[in-house]
Amino acid sequence: MDYQRIFAQAIDRLHAEGRYRVFIDILRNKGAFPNARCFAGHNGPKPITVWCSNDYLAMGQHPSVIAAMEEALHDVGAGSGGTRNIGGNTHYHVDLEAELADLHGKEAALLFTSGYISNEATLSTLGKLLPGCVIFSDELNHASMIAGIRTSGCEKQIFRHNDLAHLEELLAAADPDVPKLIAFESVYSMDGDVAPIADICDLADKYNAITYLDEVHAVGMYGARGGGISERDAVAHRLTIIEGTLGKAFGVMGGYIAADRNIVDVIRSYAPGFIFTTSLSPVLVAGALASVRHLKASSAEREGQQAAAAQLKTIFADAGLPVMASTTHIVPLMVGDPVKAKKISDILLAEYGVYVQPINYPTVPRGTERLRFTPGPSHDTAMMRELAEALVEIWDRLELRVAA
């Protein structure tokens with residue numbers, strides 16, 4: 001058996017399809033985001049502007065977050081020391097879980113090492129504990145949710161994206177006596193659209209289902225205290241479980257769920273992805289705690305980001321660029337071809353000092369490849385106009401269609 005040939009062929013297929021992923025070698029400049037330094041293909045670091053960070057509010061650069069992490073580092077050291085039940089439970093973890101439960105108006109919360117793990121561990125555990133459970137999943141749910149549902153071994157019913165009629169059709173056809181779970185997201189990060197949360201909760205009530213809402217692209221970003229779309233729409237109390245991340249708007253690392261005490265205790269006690277994983281470093285937890293507390297009290301970052309996103313959408317549209325409709329902070333630009341999306345990204349970095357990654361299959365369906373911009377409160381008007389001018393030039397160079 002020629003193992004190396006098999007591995008090489010797998011990589012060759014990605015190259016042939018134009019979706020081989022290249023990781024950019026950069027360092028951000030503390031206190032000057034979105035400015036960064038790129039080390040790839042240069043004699044020395046080249047200054048660049050980052051346009052695709054999930055650190056939406058630049059909280060990873062915020063002085064209070066950095067100070068909290070430095071204080072924790074000098075107070076308790078670098079690592080956590082183990083899993084939560086063996087040496088890895090600290091007062092920082094306890095405090096952050098209390099803050100997150102309060103953020104979502106829930107009784108309890110549980111920290112995980114990432115948003116992916118929180119989805120995979122929680123959904124797989126719920127499915128295994130609920131006898132005969134059927135999980136109803138939006139077709140655009142994140143890969144981590146799909147993995148958790150698959151691992152659960154449950155029957156899965158996929159409903160068309162944000163299609164309430166289709167969801168109700170599937171719910172009505174299911175055995176009324178079996179447990180049902182509806183899994184969906186609030187903000188879908190590739191298209192930037194929003195789920196009809198209240199309407200889905202209505203269906204859950206009607207068909208006796210529990211709900212699982214992924215708020216990873218919304219926590220910190222929406223609501224008076226950053227509780228997400230569910231806070232903004234005043235429906236958090238109707239949701240069974242809310243899942244979020246600490247690695248996007250909160251600017252650090254980690255994932256979590258918030259729910260009633262029984263559910264959190266069940267996941268804490270049964271989920272292998274929680275039980276057998278070394279806990280987050282208290283340094284990271286301290287930074288996330290400072291970020292959550294800050295964004296509960298401050299809306300300036302959210303308002304600045306929303307203004308920047310709205311302005312960039314307008315500038316792109318005025319330039320005739322194919323900006324996709326989005327009601328959120330996500331600004332996707334349709335390309336429709338993986339090779340061209342990668343080529344545009346390469347030209348932007350090499351010639352214009354602009355960093356934005358192409359989004360290709362399997363993250364998005366084939367034929368819908370795109371560039372995904374995430375402007376933040378520090379992206380100013382001059383940066384946006386320079387970006388649009390660069391994109392128009394590249395679109396013309398590659399003979400791509402531009403709106404009249």
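How do the residues of the lining of the largest pocket divide into nonpolar, polar and charged? In this predicted model, the lining comprises 21 nonpolar, 15 polar and twelve charged residues. The volume of this pocket, the largest, is about 1,400 Å³, and among the 48 residues that line it, His142, Ser189, Met190, Ile359 and Thr363 are the closest to its centre. Several elements of secondary structure each supply at least two residues of this lining, namely the strands β1 (26-28), β15 (358-359) and β16 together with the helices α4 (115-129) and α5 (143-152).

Strand β16 spans residues 370-373 and includes Arg370. With a relative accessible area of 3%, Arg370 is classed as buried because this value falls under the 20% cut-off. The side chain of Arg370 reaches the backbone oxygen of Thr368 at a distance of 3.0 Å. When neighbours within four places in sequence are left aside, the residues in contact with Arg370 are Met190, Asp191, Met324, Pro332, Leu333, Met334, Val335, Gln357, Pro358, Ile359 and Val364.

By residue class, the lining of the second largest pocket divides into nine nonpolar, three polar and three charged residues.

Definitions and conventions:
Residues numbered from 1 in each chain as written. Predicted model: local features only at pLDDT ≥ 70, side-chain atom pairs only at ≥ 80, totals over all residues. Heavy atoms only, no water. Helix = DSSP H or I, 4+ residues; strand = E, 2+ residues; numbered from the N terminus. Buried < 20%, exposed > 50% of the residue type's maximum accessible area, 1.4 Å probe, protein only. Polar contact = N/O pair within 3.5 Å; in protein donor to acceptor, adjacent residues only side chain to side chain. Contact = heavy atoms within 4.5 Å. 1 Å grid on protein atoms, 1.4 Å probe; cavity = no way out; pocket = protein on both sides within 12 Å on 5 of 7 lines; lining within 4 Å. Points joined across faces, edges and corners; volume = space filled by probe spheres on them. Nonpolar A, V, L, I, M, F, W, Y, C, P; charged D, E, K, R; others polar.
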